[in-house]
Amino acid sequence: MSTALLVMDYQNSIVERLGTPEALAAAVSAVDTARQRGLPVVFVRVAFRPGAPEVAASNRMFGGMRDRMGSQAPDATEVHAGFDLHADDIVVTKLRVSAFTGSDLEVLLRGLEVRDLVLAGIATSGVVLSTLRQAADLDFGLTVLSDACADGDAEVHRVLTEKVFPRQAEVTTVADWTASLG
């Protein structure tokens, strides 16, 4: 396989906070397409051990995680049920914003002989941006499915997908990506 679909941070707590029904539907459609074409689907989620010992108090994004974890629903970090996980789907757990940081994603992709990544995720300004930058530095070919990404700030999403991401990736919609697969 030379291409894999990364579905990033489409986990219950993040979908509830930042997702949109439209982005979720687009991401589910992308997963369906990848499965039909025999492309690996890799779900990436962020999760920590009980008490979040991996998180330094100085980390501005995750520093308050220890306090919030006690009030999270037990399934908060699970992949959203809308994706109907299959036995051959791969779930990677990361410890920071980028899908690569604190995970075995790079080793996994090398094992699968993947050279091109198709990205979908929440948030556009978080996991998608961080993963795109790191994947570009690792020489992966990149496609971003703009309608399968969501952000709490619509203008930030627009600027990233229209102005920033095209410098390092093809930016397209799920429908156009599906059509390009033939």
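**Exercise 1.** Find which residue of β5 is the bridge partner of L119, and work out how β4 and β5 pair.

*Solution.* Begin with L119, whose bridge partner in β5 is V144. Next, look at L117, whose bridge partner in β5 is L142. Then take the two strands as a whole: β4 and β5 (residues 141–150) pair in the parallel sense over six bridges, where two strands count as paired if DSSP finds at least two bridges between them. Strands here are DSSP runs of E with at least two residues, helices are runs of H or I with at least four residues, and both are numbered from the N terminus.

Before going on, note that this is a predicted model, in which local features need pLDDT of at least 70 and side-chain atom pairs count only at pLDDT 80 or more, while totals for chains, interfaces and linings use all residues. Residues are numbered from 1 along each chain as its sequence is written, and side-chain values use heavy atoms, with hydrogens and water left out.

**Exercise 2.** Give the order of the strands in the open sheet, and name its edge strands.

*Solution.* The six strands follow the order β3-β2-β1-β4-β5-β6, with parallel pairing. At the edges are β3 (90–94) and β6 (170–172), each of which pairs on one side only.

**Exercise 3.** Describe how α5 and α6 pack, and list the residues that make their contact.

*Solution.* Helix α5 (residues 124–137) and helix α6 (residues 154–164) pack at an angle of about 25 degrees, their axes being 10 Å apart; axes are lines fitted to C-alpha atoms, for helices over the stretch in contact, and angles run from 0 to 180 degrees between N-to-C directions. The contact, meaning heavy atoms within 4.5 Å, is made by T124, S125, L129 and R133 of α5 together with V156, H157, L160, T161 and V164 of α6.
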